[in-house]
Amino acid sequence: MSTSRSAPTVTDVVAELERRYPPAWAEEWDRVGLVLGEPTAPVRRVLCVVDVVPETVAEALAAEVDMIVAHHPLLLRGVSSVAPTTVKGRIIHQLIRAGIALYAAHTNADVAAPGVSDALAARFGLTGLRPLQRPAPGSAAHGDDRGFGRIGELPEPMTLAELTRHAAAVLPVTSWGVRAAGDPGRMVRTLAVSGGSGDSFLGAATAAGVDAFLTSDLRHHPAGEHLAADGPALIDAAHWATERPWLDDLAALLRAAPGVETLVSDLDTDPWTVHAAAPAVDDKEPDREG
């Protein structure tokens, strides 16, 4: 990145990001890279976010940043209009009017080493990290320690119930919280983690022989069938909470550049906002005779 006294440009910031997270490492269906922004525009302040939503855009506008670096692409699927009559259209108009560039690093950041799942593994103090699923041989991302998810050893074994409570304590707080599937007393020594949706890695977690797999967006039938086949215990956290830890690593990468101030959004963008646990059996109203 530019080391002159003048502020680095959008092009400079993009080059730094793509040294760590090459776009060629992204999945074929993904849409990563620069979405908006003049390549020669100066960048003095960057906001790192998981989601580009009205709330994080408002945060960027209030902080007067020059660029947003997001994990989730704003325009993942093709559109025929960016008119401000849609949510995404309004966001694009707001960012262009404010001169805020937008960049997305998604599955290329997931597969990187260090990447999204390394930051998640660090929250649990996992050691001896290795990928949960490596990229296909011959793919641009194949090689070294790159891959989706991470497997490691916990500092101390825990029961599934203890690990679930620990996950709720070390992950960013959301209304969704953390839930688990499996025997609460099962001892967990090896843990697989994957930031974001992890349904597709259930088979990899079973093949790896881990004791538990922590991810998000697990569905009823795949989870039930996985457990019925004696797969690892499952821990399901909010999608945003499993990817928010990576923003600190992203901010550190950009903060190392002269002239760039980097902010991290702590706005909870998980869409689920209310959670009510069922009362324990002992807490239920006792039956009364008529």
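Mentor: Let us begin with sheets: two strands pair if DSSP finds at least two bridges between them. Helices (H or I, at least four residues) and strands (E, at least two) are DSSP runs, numbered from the N terminus. This is a predicted model, in which local features need pLDDT of at least 70, side-chain atom pairs count only at pLDDT 80 or more, and totals for chains, interfaces and linings use all residues. Residues are numbered from 1 along each chain as its sequence is written, and side-chain values use heavy atoms, with hydrogens and water left out.

Trainee: Which residue is the bridge partner of Ala70 in β4?

Mentor: Ala70 has Ala104 in β4 as its bridge partner. The strands β3 and β4 are paired in the parallel sense, over four bridges.

Trainee: In what order do the five strands form an open sheet?

Mentor: The order is β1-β4-β3-β2-β11, with mixed pairing. β1 and β11 are the edge strands, each pairing on one side only. From one strand to the next, the twist averages 25 degrees. Here axes are lines fitted to C-alpha atoms (for helices over the stretch in contact), and angles run from 0 to 180 degrees between N-to-C directions.

Trainee: Which strands does α9 lie across?

Mentor: Helix α9 lies across β2 (45–49), β3 and β11, and runs at about 175 degrees to β11. Strand β11 (residues 261–264) contains Leu263.

Trainee: Is Leu263 buried, exposed or partly exposed?

Mentor: The classes are buried (under 20% relative accessible area), exposed (over 50%) and partly exposed (in between), with a 1.4 Å probe and protein chains only. Leu263 has 24% relative accessibility and therefore counts as partly exposed. Contact means heavy atoms within 4.5 Å. Apart from neighbours within four places in sequence, Leu263 is in contact with Arg45, Val46, Leu47, Cys48, Ala63 and Val65. The C-alpha atoms of Leu263 and Ala251 are 6.9 Å apart, and these residues are 12 residues apart along the chain.

Trainee: How does one describe two packed helices?

Mentor: One gives the angle between their axes and the distance between the axes. Here the axes of α1 (residues 10–20) and α9 (residues 239–255) come within 10 Å and cross at roughly 125 degrees. That angle makes α1 oblique to α9; angles under 35 degrees count as roughly parallel, over 145 as roughly antiparallel, 65 to 115 as roughly perpendicular and the rest as oblique.

Trainee: Which residues of α1 and α9 meet?

Mentor: From α1 come Val13, Glu16, Leu17 and Arg20, and they meet Leu250, Leu253 and Leu254 in α9. The residues of this contact of α1 with α9 divide into five nonpolar, no polar and two charged. Ala, Val, Leu, Ile, Met, Phe, Trp, Tyr, Cys and Pro count as nonpolar, Asp, Glu, Lys and Arg as charged, and the others, Gly among them, as polar.

Trainee: What are the buried residues of α1?

Mentor: They are Val10, Asp12, Val13, Val14, Glu16 and Leu17. Their cover includes β1 (33–36), β3, β4 (101–104) and α9.

Trainee: What is the order of the open sheet of six strands?

Mentor: Its order is β5-β6-β8-β9-β10-β7, and the pairing is mixed. β5 (127–133) and β7 (178–181) stand at the edges with a single partner strand each, so one side of each has no neighbour in the sheet. The twist from one strand to the next averages 30 degrees. β7 pairs with β10 in the antiparallel sense over four bridges, and Ala180 stands opposite Ile235 in β10. Helix α6 (residues 160–170) packs on this sheet, where it touches β6 (148–159), β7, β8 (187–197), β9 (212–216) and β10.

Trainee: Is His226 buried or exposed?

Mentor: His226, found in helix α8, counts as buried at 7% relative accessibility. Not counting residues up to four places away in sequence, His226 touches Leu202, Thr206, Gly231, Pro232 and Leu234.

Trainee: Where is Glu64 placed, and where is Asp230?

Mentor: Glu64 lies in the loop between α2 (54–63) and β3 (67–70); although not a glycine, Glu64 has a positive phi of about 55 degrees. Asp230 lies in the loop between α8 (220–228) and β10 (233–237), and has a positive phi of about 65 degrees although it is not a glycine. Glu64 counts as exposed at 62% relative accessibility, and Asp230 counts as exposed at 68%.

Trainee: Which residues does a cis peptide bond join?

Mentor: The bond joins Ala113 and Pro114, with omega at about 5 degrees. Pro114 is found in the loop between α4 (107–111) and α5 (116–123).
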